[in-house]
Amino acid sequence: QVQLVESGGGLVQPGGSLRLSCAASGSIFDKNAMGWYRQAPGKHRDLVASITTDGDTTNYADSVKGRFTISRDNTKRTVYLQMNNLKPEDTAVYYCNAADPWVVAENEYWGQGTQVTVSS
């Protein structure tokens with residue numbers, strides 16, 4: 001059974017930092033590249049960062065490249081997102097899930113997400 005629990009969001013001023021965590025249970029974490037997604041009000045949920053199972057390869061959306069860093073601890077089944085130099089346009093609910101959309105669709109599961117608000 002898949003379970004994903006995101007945490008670490010909050011209110012931060014522009015230029016600030018946050019570190020998000022996602023604790024996973026079930027085989028979704030062990031077998032898949034993982035990703036962080038975000039959804040702003042009225043917008044689609046988009047993948048912003050992904051990391052392979054071994055943690056060796058990461059990819060980022062252009063909008064966050066150079067500011068966000070994804071990592072994973074396979075011993076803790078946890079994926080992280082370090083967000084630096086935050087901008088108001090980063091405001092969204094952030095979710096973790098498998099990076100492969102086919103896996104996401106097959107599991108039909110999303111956690112509760114964690115709200116990130118960037119505002120002065």
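**A disulfide and an aromatic cluster**

Cys 22 and Cys 96 are joined in a disulfide, with their sulfur atoms 1.7 Å apart. The model looked at here is a predicted one, and 1 disulfide is what the structure holds. Where do the two partners lie? Cys 22 is part of strand 3 (residues 18-25) and Cys 96 is part of strand 9, so the bond ties together parts of the chain that are 74 residues apart in sequence. Cys 22 is tucked away, counting as buried because its relative accessibility is 0%. Cys 96 counts as buried too, again at 0% relative accessibility.

Next come the aromatic rings. How many aromatic pairs turn up in a search of the whole structure? The search finds 2. In one of them, the rings of Tyr 37 and Trp 110 stand with their centres 5.0 Å apart and their planes at 90°, so this pair is edge-to-face. This pair links distant parts of the chain: Tyr 37 belongs to strand 4 (residues 34-39), whereas Trp 110 sits in the loop between helix 2 (101-107) and strand 10 (114-118), 73 residues apart. Is Tyr 37 buried or exposed? Tyr 37 counts as buried, because its relative accessibility is 8%. Trp 110, for its part, has a relative accessible area of 27%, so this residue is partly exposed.

Trp 110 also pairs with Tyr 95, and that pair is edge-to-face as well, at 5.7 Å centre to centre and with 75° between the planes. Tyr 95 comes from strand 9 (residues 92-98) and Trp 110 from the loop between helix 2 and strand 10, so the pair ties together parts that are 15 residues apart in sequence. With a relative accessible area of 11%, Tyr 95 is buried. Put together, Tyr 37, Tyr 95 and Trp 110 make up one aromatic cluster.

Which residue has its charged end over the ring of Tyr 95? That is Arg 45, whose charged end sits 4.4 Å from the centre of the Tyr 95 ring. Elsewhere, the charged end of Arg 19 is found over the ring of Tyr 80, 4.0 Å from the ring centre.

Methods
Residues numbered from 1 in each chain as written. Predicted model: local features only at pLDDT ≥ 70, side-chain atom pairs only at ≥ 80, totals over all residues. Heavy atoms only, no water. Phe/Tyr/Trp six-rings, centres within 6.5 Å; stacked < 30°, edge-to-face > 60°. Helix = DSSP H or I, 4+ residues; strand = E, 2+ residues; numbered from the N terminus. Buried < 20%, exposed > 50% of the residue type's maximum accessible area, 1.4 Å probe, protein only. Lys NZ or Arg CZ within 6 Å of the ring centre and 35° of its normal. Disulfide = S-S within 2.5 Å.
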